[in-house]
Amino acid sequence: MIFNHKPVLLKKIIENLDVRKEGKYIDATIGGGGYAEAILEKGGRVLGIDADQDAIEFVKNKFQIKNQLILVQDNFANIKKIAEEQGFVNADGIVFDLGLSSYQIEQSGRGFSFLRDEPLDMRMDKRKEIKAADIINQFSREELYDLFTKMGEERFSLPIANNIIRARRIKPIETSLEFARIVEEVIPRSGKIHPATKVFQALRIIVNDELKSLEKGIVDGIDILKQKGRMIVVSFHSLEDRKVKEEFRKYEYKGLGNALNKKPITADENELYENPRARSAKMRVFEKI
């Protein structure tokens, strides 16, 4: 297994973490290990968390540093419990990268991409019971409409829901490509953005309970940061960025910390040329008082 993934905003993240030797850092979404590797190179210790067992196995084989790196397969919603168990309370820094990895999109075989004909799964953690296909084939028209409207911000939610109901009367919807074509029948292609982008986002969010996990991860993460410790969150769509901004603002109002950038930090032209997937990345930094 090759976990091919180029971390976004790497230089800016490491600069803002201000990594110190023997400092404790939590990579809450370790993925291919890009951020962890940079932290380790600067002498920091890393607790790497990921819901995806494939990511944990890849990083375990990539790094042979037992004392400096601890890996745990779990959802970052449980960050406080994990940190307490692994001795990472009073962490110097925490980083969340909320995007899908290149591996998950291109090689995982779990239906994250609308360009591949794969089982419609979308589970980050394969131990979870509910798959994307279960939702598509079991939700009512009203539930599908609400899902695509609220979690995908899709303005064509109703015709998409209607077309799903029509298609599944003939046969169950089982693959990512099949589902993408059902969406395309309602929304013709226009510009560079695929018509199924927003509904795939909505499905992934609900399958993995992403927004609730993010809120809990931020709240509990700030709790285990040391004074002057920093939390960095990289998001990739407006729902995530809005949630991060709201949570950071709550702690500012309470006088418990400061959001260090009022507007999100984004990739520069050089990074976009080398890594086009960084175009939608938005980075926010919070420092605990």
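Where is the place of Leu 9 relative to α1 (10–17)?

1. Basis of the note. This is a predicted model, in which local features need pLDDT of at least 70 and side-chain atom pairs count only at pLDDT 80 or more, while totals for chains, interfaces and linings use all residues. Residues are numbered from 1 along each chain as its sequence is written, and side-chain values use heavy atoms, with hydrogens and water left out.

2. Leu 9. Leu 9 sits in the segment before α1 (10–17); helices (H or I, at least four residues) and strands (E, at least two) are DSSP runs, numbered from the N terminus. Its phi is near 55 degrees, a positive value in a residue other than glycine. Most residues other than glycine have a negative phi. Leu 9 has 1% relative accessibility and so counts as buried. Buried means under 20% relative accessible area, exposed over 50%, and partly exposed in between (1.4 Å probe, protein chains only).

3. Lys 228. A positive phi of about 75 degrees is also found at Lys 228, again not a glycine. Lys 228 belongs to strand β5 (residues 225–235). With a relative accessible area of 58%, Lys 228 is exposed.

4. Domains. The chain is assigned domain 1 (10–103 + 210–288) and domain 2 (111–208); such bounds come from an automatic or database domain assignment. Taken over C-alpha atoms, the centres of domain 1 and domain 2 are 29 Å apart. Contact (heavy atoms within 4.5 Å) joins 15 residues of domain 1 to twelve residues of domain 2.

5. Interface area. Domain 1 and domain 2 bury about 1,200 Å² between them, with 48% of it on carbon and sulfur atoms. Buried area here is the accessible area (1.4 Å probe) that two parts lose on being put together, summed over both. On the side of domain 1, Leu 100, Glu 210 and Leu 239 lose the most area to domain 2, and together they make up 48% of what that side buries.

6. Polar and charged links across the interface. The rule finds three salt bridges between domain 1 and domain 2, a salt bridge being a side-chain nitrogen of Lys or Arg within 4 Å of a carboxyl oxygen of Asp or Glu. There are also five residue pairs in polar contact across this interface, both residues at pLDDT 80 or more. A polar contact is a pair of N or O atoms within 3.5 Å; within protein, one must be able to donate a hydrogen and the other to accept it, and residues adjacent in sequence count only if both atoms are side-chain atoms. The elements giving two or more residues to the side of domain 1 that touches domain 2 are α11 (210–224) and α12 (238–253). Of these, α12 gives the most, with four residues.

7. Individual salt bridges. Glu 153 pairs with Arg 242 in a salt bridge, the closest N and O atoms being 3.2 Å apart. Arg 204 and Glu 210 form another, with the closest N and O atoms 2.9 Å apart, and both residues are buried. In the salt bridge of Glu 185 with Arg 166 the closest N and O atoms are 3.1 Å apart. That pair links distant parts of the chain, 19 residues apart: Glu 185 is in the loop between α9 (176–184) and α10 (197–208), and Arg 166 is in helix α8 (residues 157–170). Glu 185 is exposed at 54% relative accessible area, whereas Arg 166 is partly exposed at 36%. The whole structure holds 22 salt bridges.

8. Helix α3 and its start. Asp 52, Asp 54, Arg 110 and Lys 126 are linked in a network of salt bridges. At the start of α3, a side-chain oxygen of Asp 52 comes within 2.9 Å of the backbone nitrogen of Asp 54. Asp 54 is among the buried residues of helix α3 (residues 53–62), with Ala 55, Ile 56, Phe 58 and Val 59.

9. Leu 144 lies in helix α7 (residues 141–152) and is buried, with a relative accessible area of 0%. Leaving aside neighbours within four places in sequence, Leu 144 is in contact with residues including Ile 135, Phe 139, Ala 161 and Ile 165. The C-alpha atoms of Leu 144 and Ala 161 are separated by 5.7 Å, although the two are 17 residues apart along the chain. His 237, in the loop between β5 and α12, counts as buried at 12% relative accessibility.
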